[in-house]
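Work through the exercises below with the sequence and the model open side by side. Each task is followed by a worked solution.

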Amino acid sequence: MAKHLISLTINGDTYEDLVVSDNQTLLDVIRGEVGLKGTKRGCTTGACGVCTVNDANGDAILSCMTHVLEWDGEAITTIEGLADTSDLDAIQKAFVHYGAVQCGSCTPGVIMSAKALLNTHPQPTEEQINEAMAGVLCRCTGHVKVKEAIRNAHRIEEVVSHAAGD
Amino acid sequence: MPPEIKPQVPKDNPGLTVVGQRQPRLDGADKVSGRSVFTDDVVLPGMLYGKILRSTHAHARIKRLDTSKAEALPGVKAVVTAAHATGMSANSTDSVAKASKRRTGKTIKLKTGETIFADDVVTYIGEEIAAVAALDEATATKALELIEVEYEPLPAIMDSRRAVRAGAPQVNEEFPGNVWSQDIDNYGDPDTAFDEADFIMESKFEAGVTHNLYAEFHVALVDFSRPDKLKIWTPTQTSYLMQHSLAPAFGLSVNQVQIIHLNTGGAFSGRGAVRPHHYVAVLLSRETRRPVKVFSAGDEEFLIGRALGKNRYKTRVAADKDGTLRAFDMTCEMDGGAVGNEVGYFGWMAGLSNAWMFDLQGNRFQRKVILTNQRPNFLGHGGMMVSSNCAVQQLLAKVARSLDMDPMDLLLKNAVEQGHTGLSGEVFASCGLKECIETVRRESGWDDKYDKLPPYHGIGVAVGAMAAGAKGAFKHDTSAAMVRVGEDGLITVYTGIPDMGQGTHTTMAMIAAEVLGIDANDVQLVAGDTDLTPIDIGAFAQRGTITTGNAARNAAIDARDQLAVYAAEKLETSVDNLRFAHGQVSRVDDPQQSLPFKEVTWGTLNSMEGRFVMGRGFYNSPLPYGTTSWSFDAQVAEVIVDPETGQIDVLKVTVAHDLGRTINPLAVEGQIDGQVFSAMSQVIYEELVTDDGLFLNPSRLEYKMPRTYEMPEIAHFMIESNDPYGPFGAKEVGEGPVVVAGAAIIAAVSNALGGTLMPEMPMTPMRVLKAIRASELEKSQSQSAA
């Protein structure tokens with residue numbers, strides 16, 4: 001199988017000269033060649049959404065359905081790139097605070113889908129949340145607390161400090 | 001009768017400072033940052049990738065199996081077949097057979113007979129035939145294609161009703177007539193009850209084939225490169241049973257098998273046993289002396305995931321005209337698939353649980369496990385109790401209707417109370433069932449809605465009970481825990497209970513923090529590794545909170561008692577005059593006299609004589625077998641049915657759950673939400689459609705679960721009956737709600753259709769339309785009769 005050299009920028013780090021094959025997906029390279037394991041491998045058929053990452057525009061993409069060769073030179077964000085070094089992103093804090101995490105296996109994909117929504121709609125409506133999150137499957141939470149976390153992400157600092165009694 | 005025991009803390013105002021607080025998961029930050037490590041994330045030096053060749057026939061003789069081309073493929077390191085697993089059986093259910101004998105006096109007919117690979121004959125699509133380990137997954141996949149299998153197709157039997165007819169093809173020659181087992185469980189005196197009752201009502205109900213659909217698929221990583229140490233990373237509900245199944249199969253002692261299961265991506269009752277892919281990974285690693293990972297993706301997950309098979313119920317209820325329920329009599333035909341192993345036992349549990357909520361004279365459950373050439377079955381979320389309760393609760397609504405009685409009144413009239421002794425001798429040491437019913441009646445607005453809603457708009461109620469802990473399934477039901485106290489005041493809890501998402505690790509931290517009077521965030525966990533953690537049978541049978549919770553509490557008390565020596569000396573008092581709370585150790589008689597907890601730990605561990613504080617605790621039910629504690633639950637569901645399309649819109653589910661005491665309300669709400677979701681999913685959407693044993697919808701796109709926009713509003717009410725056995729009075733919330741939510745939804749749909757019983761779950765649009773036609777027919781017949 002033919003090999004190719006590509007470059008990818010992941011969470012601000014540029015990986016030059018990644019050797020990839022024709023049939024590899026973005027998911028394969030993130031988890032394999034690059035070695036970031038936060039993005040999970042689920043169905044590998046685009047049905048479950050746990051492999052979701054964000055592209056340079058902040059849109060959600062299914063990395064298991066994305067042919068990596070077509071992404072030569074592109075930049076993406078994975079779950080590891082959401083927080084800066086010192087603190088969690090607002091959506092991550094909201095997921096912890098509102099109990100939107102249970103087993104955690106779908107969580108990276110769920111959060112990256114939510115992040116894509118919040119990038120364009122910081123205070124999304126119920127309908128926008130339902131639509132944006134319909135593609136990620138989560139049995140543990142039944143979506144309830146996930147939606148609550150997304151609804152409240154924009155004011156999470158205030159909520160957390162209030163809960164801490166500050 | 002269990003011994004009279006007092007609750008650990010009084011029901012009201014118990015002075016708890018950690019228990020009852022909304023505590024975010026301690027592993028939450030790791031899980032939202034991608035730092036949590038799941039099995040598929042682990043890569044070991046020299047690791048190989050395994051793939052399994054599976055049968056494409058439901059029933060066939062293997063005439064020829066040639067692996068030579070696969071073996072010759074560069075990059076292939078091993079190919080294994082039945083020849084490598086001679087005499088080895090998947091024996092995970094031995095303990096279940098013994099359990100049944102201990103609890104019922106009868107041995108469930110159980111002969112696992114399940115081999116790791118099919119030998120001469122395959123009996124279902126997906127059965128293991130051979131496996132390959134290669135340098136990478138692509139090579140392993142390619143090697144599978146090079147394995148030549150010549151099948152001689154045999155007549156297959158796909159339907160349990162046809163399987164028992166004369167002349168049906170035989171799935172397993174040792175079970176003539178395809179009957180794996182047949183049992184009748186009688187409790188109390190059902191015969192007299194049915195003879196003497198004013199009337200009898202009956203119904204038929206069917207439940208379809210499911211998959212548990214956890215987010216983390218089946219995966220096993222095995223390192224058996226050293227002959228005396230078998231390490232396996234895998235999601236599981238029970239490392240204990242895995243050790244006990246794998247050790248004898250590979251000639252090891254139990255603790256030579258190390259199970260690593262820090263994160264388990266959901267289980268929903270489906271990960272309680274060792275499965276062929278685990279054994280296959282071990283065989284491949286043994287053969288290559290290198291670590292091997294076997295991962296299933298896409299369609300394969302649906303082939304190997306064992307969940308509920310087709311179950312067909314006939315339910316009879318005997319009642320009197322004043323609304324007294326006398327007895328239940330349920331018959332269930334269970335499709336065991338090609339291996340009947342565990343299914344009969346789960347039927348027994350369903351038969352028992354149907355009756356727990358009611359003061360009955362008799363209860364009978366007849367179960368027949370039938371072999372077919374379908375996938376072997378196991379448990380779905382809530383086991384068979386979801387579907388059996390759907391059958392029972394709908395019928396009770398019909399009983400009420402026939403008596404012109406409100407179903408709420410019928411349930412209240414027959415509901416058990418604290419101190420009640422059930423038909424199989426179970427004693428309810430705590431019981432908040434009536435309070436649950438009254439709560440959902442009030443909070444759902446039932447009295448303004450029942451029989452007052454417009455056509456196709458329905459409301460339904462259901463109740464349930466769930467045993468917490470299950471001594472008798474094994475000789476003992478032990479959980480142990482250790483609590484290490486650090487000199488800096490940080491506490492480490494060692495526990496073997498798996499956290500599959502339910503949040504039990506955070507629960508254990510909260511329990512230890514409560515005892516020591518510190519913040520739960522100052523507790524760290526060592527869990528998910530059998531080399532490091534003490535015995536724990538596992539996270540099933542709702543034993544986590546009550547059994548492991550008591551173990552953690554006992555260990556924390558032991559640690560606290562050790563710290564109390566130093567604190568008492570410093571505060572110039574006796575050890576029993578101390579209170580540990582809010583990060584302080586203070587004198588009970590003079591709370592102003594206190595020391596910071598961290599000063600006590602520092603002082604204790606930096607003493608001249610040298611000290612070490614490790615609290616030890618364990619818990620094993622005081623009963624010889626059976627359960628000490630049951631949760632109770634009542635729920636009301638409100639639905640709208642579209643008569644044009646047959647679609648069901650669930651508007652609201654109101655849940656009142658008697659969990660004894662709420663340890664962590666945030667986690668409890670999450671458990672309830674997830675179980676309403678799961679039950680709704682099972683009764684409305686989830687079904688694996690099969691054609692000659694082949695799944696037609698083995699994908700998350702086609703195997704439907706509720707999406708975001710389909711979820712109802714959920715109202716939670718926690719009823720605290722303060723169980724005398726539970727840690728701080730807590731019982732369970734792991735499976736109690738799921739067995740009720742489905743029944744409430746189905747009762748609401750039935751109510752929306754004017755009381756027509758729904759004969760089948762899931763209630764797909766087509767089935768709903770059929771039921772609507774049936775209800776219209778019923779109406780027109782009763783009108784013409786009038």
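**Exercise 1: the contact between the chains**

In this predicted model, 46 residues of chain B are in contact with 43 residues of chain A.

Task: find which helix supplies the largest share of the side of chain B that touches chain A, and sort that side by class.

Solution. 
Step 1. The largest share comes from α18(B), with 9 residues.
Step 2. Sorted by class, the side of chain B that touches chain A holds 20 nonpolar, 17 polar and 9 charged residues.

**Exercise 2: a sheet in chain B**

Task: give the strand order of the open sheet of 7 strands in chain B, name its edge strands, and state which helices pack on the sheet.

Solution. 
Step 1. Reading across the open sheet of chain B, the order is β3-β5-β1-β12-β9-β10-β11, and the pairing is mixed.
Step 2. Strands β3 (76–81) and β11 (257–260) of chain B each pair on one side only, which makes them the edge strands.
Step 3. On average, neighbouring strands of this sheet are turned by 20° against each other, direction ignored.
Step 4. Within the sheet, β1 (residues 48–54) and β12 (residues 292–295) of chain B run parallel and are joined by 3 bridges. Opposite B:G50 stands B:V294 in β12(B).
Step 5. Helix α7 (residues 239–249) of chain B packs on the sheet and touches β10 (229–233) and β11 of chain B. The direction of α7 makes about 145° with that of β11(B).
Step 6. Helix α8 (residues 276–288) of chain B also packs on the sheet, touching β1, β3, β5 (128–134), β9 (219–226), β10 and β12 of chain B. The direction of α8 makes about 30° with that of β9(B).

**Exercise 3: a helix pair in chain A**

Task: classify the packing of α2 and α3 of chain A by angle and handedness, and list the residues that meet.

Solution. 
Step 1. Helix α2 (residues 90–97) and helix α3 (residues 107–120) of chain A pack at an angle of about 130°, their axes 10 Å apart.
Step 2. Because of that angle, α2(A) is oblique to α3(A).
Step 3. The crossing of α2(A) and α3(A) is right-handed.
Step 4. From α2(A), residues A:I91, A:Q92 and A:F95 meet A:T107, A:I111, A:A114, A:K115 and A:L118 in α3(A).
Step 5. By class, the residues of the contact of α2(A) with α3(A) are 5 nonpolar, 2 polar and 1 charged.

How values were computed
Residues numbered from 1 in each chain as written. Chains lettered and ligands numbered in written order. Predicted model: local features only at pLDDT ≥ 70, side-chain atom pairs only at ≥ 80, totals over all residues. Pairing = 2+ DSSP bridges. Helix = DSSP H or I, 4+ residues; strand = E, 2+ residues; numbered from the N terminus. Axes fitted to C-alpha atoms, helices over the stretch in contact; angles between N-to-C directions. Contact = placed C-beta atoms within 7 Å. Nonpolar A, V, L, I, M, F, W, Y, C, P; charged D, E, K, R; others polar. Parallel < 35°, antiparallel > 145°, perpendicular 65-115°, else oblique. Left-handed = near helix turned anticlockwise from the far one by under 90°.
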